[in-house]
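Dear colleague,

I am passing on the structure below, together with some notes on what was found in it. Please read them alongside the coordinates.

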Amino acid sequence: NLELVLWASANGGPADYEDHAVAHADKTWEHNVREDGTTFHVVAYNLDGTVDYKRTHQGWTTDSTWTRGQAWAVYGYTMVYRYTGLPRMLERARTLYDAFLNGLAEADRGWVPYADFDAPLDSRNPRDSSAAAIVASAALELYQHTDDLRYLADAEAFLEELSGPAYLTAGSSYQSILRKASEKWGEDEVGAMFADFYLLEAMQRHAVMPRPDPVVTGSWKGFTVYDAGFADSAGWMGWTKTVAAPYVYNYPLESWLYVPDVTEGPSGGWVYSFQSRR
């Protein structure tokens, strides 16, 4: 929510609006962020500015990490850096981002986390596509600020997962673009406008972002591979992402394929089957 204050300060509003926003961001960092870069959801203050208590409203427990709260923190500090250029804001965004990815890796949860990083993986801990969409958009902005290619690669992985049939609502009764968003831990998976908004923002950022020229990094099934993952089969089947081979994603077919080692059939061409990599 600080973006409105910062935008107003930069577009004719009182200059001290930025000071207030920075002070708030500093105070949030002091009390909402743990030493390992994870976040408390709620911090309540006394009238004298001291902390009264900390709790969660949408996560599992006070000491667990609500996934979307962590995503908001990554996005928020990245945005504050955009407006202020303060190095500490960028450093904080990167720390929070690393903590988000650590939470994904610890449980091998793919690129779309559950509602709480620490809660048991049961029916009360739904997926939250909105958290992935928010961080995907933030990662693209972090790439713009740092030129660190890992942010670009991660953002594309987030978007690839969100663009698959497990999360897009095409052919369903959903009114949203994405399914499997979460209001909070303990509630059902839903469609959510904040998941859709940040998915579209990330897609738009990705579409207009200048990227380095592709680098040839190998070959796959006789086709040139660029940037350690993308093969161009030209008129045969177009672009294919091969990083998880033999499970590959074919963009013209918009599907995951299983391509075994022997890929030429009796009449030529690939032998493959439609199959999720999960």
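The side chain of Ser137 makes a polar contact with that of Arg205, at 2.9 Å (a pair of N or O atoms within 3.5 Å, where within protein one must be able to donate a hydrogen and the other to accept it, and residues adjacent in sequence count only if both atoms are side-chain atoms). This is a predicted model, in which local features need pLDDT of at least 70 and side-chain atom pairs count only at pLDDT 80 or more, while totals for chains, interfaces and linings use all residues. Residues are numbered from 1 along each chain as its sequence is written, and side-chain values use heavy atoms, with hydrogens and water left out.

Ser137 belongs to helix H5 (residues 129-146), helices being DSSP runs of H or I with at least four residues, numbered from the N terminus. Because its relative accessibility is 0%, Ser137 counts as buried (under 20% relative accessible area, with a 1.4 Å probe and protein chains only). Apart from neighbours within four places in sequence, Ser137 is in contact (heavy atoms within 4.5 Å) with Tyr75, Tyr198, Glu201, Ala202 and Arg205.

His206 is part of helix H7 (residues 193-208). If residues up to four places away in sequence are not counted, His206 touches Leu140, Leu152, Glu156, Leu159 and Arg211. Between the C-alpha atoms of His206 and Asp118, which are 88 residues apart along the chain, the separation is 31 Å.

Note on methods
Helix = DSSP H or I, 4+ residues; strand = E, 2+ residues; numbered from the N terminus. Buried < 20%, exposed > 50% of the residue type's maximum accessible area, 1.4 Å probe, protein only.
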